[in-house]
Amino acid sequence: MTGFIGKERHSIDEKGRLMIPARFRRKFADAGSCDGGASEYGRFGALYVMKTSDGSLELYEPSVWEGMGKSISALSDFNPEERLLKTLMYECLEMVELDRQGRIPLSREFLEHAGISGEVVILGADTKMIVWEPARLRGVVDGSSGRFAALAGRYF
């Protein structure tokens, strides 16, 4: 099954909630994680939200995050580097529930991290959604446009 693909613009409401695009919410229903029925993550489903080092936010379905979580949990608490990685990963992670309108609450800390105060761009990136402040995304794209061919050539 194809994952999240596409780009949508939405606004954060006055309570800091983000509307998940309908076409992405349909992917939850197709996967059985947000079908309107009760689930282990709440009535309407949940997403994991992660602050990233590039200033965006990444949204993961529980089924995708589960694999990542297992990898993190396998790290040793007795190895200082592995323990640090665990701390850094979990410091920038929250789990949020979708409400009946398909919105998720974003904390002030996460909104400030991403520079979001109004509009956002949500990119479908297969196994995750990436949330950007529009000007910040434009800066990344414009500043990196000359690197696309070299990067694609290296990895494909």
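Start by selecting Glu109: this residue is partly exposed, at 40% relative accessibility. Here buried means under 20% relative accessible area, exposed over 50%, and partly exposed in between (1.4 Å probe, protein chains only).

Before moving on, note that this is a predicted model, where local features need pLDDT of at least 70, side-chain atom pairs count only at pLDDT 80 or more, and totals for chains, interfaces and linings use all residues. Residues are numbered from 1 along each chain as its sequence is written, and side-chain values use heavy atoms, with hydrogens and water left out.

A salt bridge is a side-chain nitrogen of Lys or Arg within 4 Å of a carboxyl oxygen of Asp or Glu. Helices (H or I, at least four residues) and strands (E, at least two) are DSSP runs, numbered from the N terminus.

Stay on Lys51. It counts as buried, at 12% relative accessibility.

Now select Glu91. A salt bridge joins its side chain to Lys51, at 3.4 Å from N to O. This pair also links distant parts of the chain: strand S3 (residues 46-51) holds Lys51, helix H3 (residues 80-91) holds Glu91, and they are 40 residues apart. Glu91 is partly exposed, at 47%.

Show Lys51, Glu91 and Glu109 together: salt bridges link them in a network.

Last stop: Arg83 and Asp77. They form a salt bridge, with the closest N and O atoms 3.9 Å apart. Arg83 is partly exposed at 45%, and Asp77 is partly exposed at 39%.

The count for the model is 11 salt bridges.
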